[in-house]
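Visitor: I have just been handed this structure and would like a short tour. Could you take me through it?

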Amino acid sequence: MIDWHVLGAFTLLWLVIVPTPGANSLMVTHVALTRGWRHVAAAIGGNMVGIVLLGSLALAGMAVVLQAFPWMRLAIHVAGGAYLVYFGGRLLRRGLTPAAPAAPGISTADAGATLARTFVMGLATQLANAQAIVFITSIFAASGVLTASVATGVACVGAMIVANASYLALLGALFQLPTPRRFYLAFRHRIETAMGGLFVAFGLRLVFEELSGR
């Protein structure tokens, strides 16, 4: 049976956390500005698969495993940080290299992007932050999920999906509007340079925070 009190407590905590700016919201914003709505849906879909994986690992006690094997935790952080730095580096290079857009609202670098690649990008961006397993575990513990029934845990992961997907879909819809796209086209190089710098910063922070805590 689902413990509705625990589910409600977790959902309230999670709703406060969801709008926090991070790599996922930045990724969806970038996709919304440079690609069509199908790509936005694919990016969010990949992101939600990542949420399911991280939430399931948190329920299964993966945080304890990562604490017990610091080398594994470090390896995951380095891999995730490297991906974010790589993606950010690509954006930085594009932002610093003059190029004419292939079509209104779609940059030449994104014109040939496939839905599968966008899905993988959404999934990889979510999984890049292995620290999320520890963070989700702490929220589960604070709201009583870890001592509740399996059905309650599954329901909480479902609440995570609904909350995150709704927020990212709203963000994607906002940046699909004509005005944000016109602004992006007018200042594409500056925006992509800034986004690239933020992705690089997110990636480096993942690694340095892990190294400083060792």
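**A salt bridge and its surroundings**

Guide: Please keep in mind that this is a predicted model. A search of the whole structure finds 1 salt bridge.

Visitor: Which residue forms a salt bridge with Glu192?

Guide: The partner of Glu192 is Arg188, and their closest N and O atoms are 3.1 Å apart.

Visitor: Where are Arg188 and Glu192 placed relative to one another?

Guide: Arg188 and Glu192 both belong to helix α10, which covers residues 188-212. Because they are 4 residues apart in that helix, about one helical turn separates them.

Visitor: Is Arg188 buried or exposed?

Guide: Arg188 is buried, since its relative accessible area is 6% and buried means under 20%. Glu192 is buried as well, with a relative accessible area of 0%.

Visitor: Let me step back. How many helices and strands are there in the protein chain?

Guide: The protein chain has 10 helices and 0 strands. Read from the N terminus, its elements run α-α-α-α-α-α-α-α-α-α.

Visitor: And what share of the 214 residues is buried?

Guide: Buried residues account for 44% of the 214 residues in the protein chain. The accessible surface of the chain comes to about 10,500 Å², and carbon and sulfur atoms hold 74% of that surface.

Visitor: What about contacts between residues at least 6 apart in sequence: what percentage join residues at least 24 apart?

Guide: The figure is 88% of those contacts in the protein chain.

Visitor: Is Met1 buried or exposed, then?

Guide: Met1 is exposed, because its relative accessible area is 86% and the cut-off for exposed is over 50%.

Visitor: Another example, please. What is the C-alpha separation of Leu59 and Thr137?

Guide: Leu59 and Thr137 are 78 residues apart along the chain, and their C-alpha atoms are separated by 7.2 Å. Leu59 lies in helix α3 and is partly exposed at 33% relative accessibility.

Visitor: Which residues does Leu59 touch, not counting those up to four places away in sequence?

Guide: Leu59 touches Phe140, Val145, Gly153, Val154 and Val157.

Visitor: Staying with α3, how do the axes of α3 and α6 cross?

Guide: The axes of α3 and α6 come within 7 Å and cross at roughly 35°. This crossing of α3 and α6 is right-handed. Residues making the contact include Ala42, Gly46 and Gly50 of α3, and Leu115, Gly122 and Leu123 of α6.

Visitor: Now for the surface. Which residues make the nonpolar patch?

Guide: Val49, Leu53, Phe119, Val120 and Leu127 make a nonpolar surface patch of about 360 Å². The elements giving two or more residues to this patch are α3 (37-59) and α6 (115-127).

Visitor: Which element gives the largest share of the patch?

Guide: Helix α6 does, with 3 residues. Val120 lies in α6 and is partly exposed, with a relative accessible area of 48%.

Key
Residues are numbered from 1 along each chain as its sequence is written. This is a predicted model: local features need pLDDT of at least 70, side-chain atom pairs count only at pLDDT 80 or more; totals for chains, interfaces and linings use all residues. Side-chain values use heavy atoms; hydrogens and water are left out. Patches are made of residues with over 30% relative accessible area and no salt bridge: like charges are joined within 9 Å, nonpolar side chains (Val, Leu, Ile, Met, Phe, Trp, Tyr) within 5 Å. Accessible areas come from the Shrake-Rupley method with a 1.4 Å probe; for residues, only the protein chains shown count as cover. A salt bridge is a side-chain nitrogen of Lys or Arg within 4 Å of a carboxyl oxygen of Asp or Glu. Buried means under 20% relative accessible area, exposed over 50%, partly exposed in between (1.4 Å probe, protein chains only). Axes are lines fitted to C-alpha atoms, for helices over the stretch in contact, and angles run from 0 to 180 degrees between N-to-C directions. A crossing is left-handed if the near helix is turned anticlockwise from the far one by less than a right angle, and right-handed if clockwise. Contact means heavy atoms within 4.5 Å.
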